[in-house]
Amino acid sequence: MRTSKLAKLPVVTMGGEDVAQIKDVVYAAGGGQVGGFTLAGRGLFAGPLKQALAWTSVASLGADAVMITDEGALESTGAVLDRSASSGGSGGNVLGSQVLTDAGVDLGKVVDVIIEVSQGGEGQCDVVGYEIEASEALGSSGTDVLIPLPDTISVSGEHLIVPASAKDFVGHDLAGFGAAVEQFRAQLKADR
């Protein structure tokens, strides 16, 4: 799922109460997981709320809504941001960041983040790839492509470093992207 599709999704309780909408996605500072969401009120003139939603309080995430048990799942925005920032790494907004291979090749700039919600008991929401505006190095300059990420990644506010082999697993749509991520990560493990 593209994180750009999450903006303005309603946050709904299990009782059916519409309590907020997603404003922004908060990433864990290490760059590998979603830490939570900042929220806005519902309605035309509603602004940002002082409450946020930690990923650990999300009951489910779908294409049409984010489900929570009740309004008690919401907490202060500062608490969600602080917990996400303390999870290690550098954090920050990755949109517009340059994607470089570990060999120094410019692959393009990030235009969206691709996430996957795990189906196991962990209930994690992992960043598995980026949609990037491709550079000449990918042979499709200016077009948007999907690039898988390893389990761990180096992220700063300006650059993202991926293994050079990531360019061999670039895709053009989400349909087969999950398989490409698995194959890429399996290759990285085999190379260790």
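The expected span of a helix is 1.5 Å times one less than its number of residues. Helices (H or I, at least four residues) and strands (E, at least two) are DSSP runs, numbered from the N terminus. The model is predicted: local features need pLDDT of at least 70 and side-chain atom pairs count only at pLDDT 80 or more, while totals for chains, interfaces and linings use all residues. Residues are numbered from 1 along each chain as its sequence is written, and side-chain values use heavy atoms, with hydrogens and water left out.

**Helix 2**

- Helix 2 has 15 residues and reaches 21 Å from its first C-alpha to its last, close to the 21 Å expected at 1.5 Å a residue.
- Phe177, Ala180, Val181, Phe184, Arg185 and Leu188 of helix 2 are buried, where buried means under 20% relative accessible area, exposed over 50%, and partly exposed in between (1.4 Å probe, protein chains only).
- An α-helix has 3.6 residues a turn, so residues three or four places apart point the same way.
- Exposed residues Glu182, Lys189 and Ala190 are carried on the face of helix 2 turned away from its buried side.
- Strand 9, strand 10 and strand 11 are included in what covers the buried residues of helix 2.

- Seven strands form an open sheet with mixed pairing, in the order 5-6-1-2-3-4-7; two strands pair if DSSP finds at least two bridges between them.
- The edge strands of this sheet, each pairing on one side only, are strand 5 (60-61) and strand 7 (74-76).
- Strand 5 pairs with strand 6 (residues 66-68) in the antiparallel sense, over two bridges, and serine 60 stands opposite methionine 67 in strand 6.
- Strand 8 (residues 98-101) runs parallel to strand 13, and four bridges join them; leucine 100 stands opposite isoleucine 161 in strand 13.
- The covered face of strand 13 holds Leu160 and Val162, whereas His159 and Ile161 are on the uncovered one.

**Nonpolar cores**

- A nonpolar core is a set of buried Ala, Val, Leu, Ile, Met, Phe, Trp, Tyr and Cys residues joined through side-chain atoms within 4.5 Å.
- The largest such core has 39 residues, and those with the most contacts inside it are Val11, Phe37, Leu53, Tyr130 and Ile132.
- Strand 10 gives the largest share of this core, five residues.
- Contact means heavy atoms within 4.5 Å; leaving aside neighbours within four places in sequence, phenylalanine 37 is in contact with residues including Leu6, Ile22, Leu53 and Trp55.

- Glutamate 131 is placed in strand 10 and counts as buried because its relative accessible area is 11%.
- Not counting residues up to four places away in sequence, glutamate 131 touches residues that include Arg2, Lys109, Asp112 and Asp144.
- Aspartate 64 is in the loop between strand 5 and strand 6 and counts as exposed because its relative accessibility is 65%.
- Aspartate 64 touches Leu9 and Pro10, not counting residues up to four places away in sequence.
- The C-alpha atoms of aspartate 64 and leucine 9 are separated by 6.4 Å, although the two residues are 55 residues apart along the chain.
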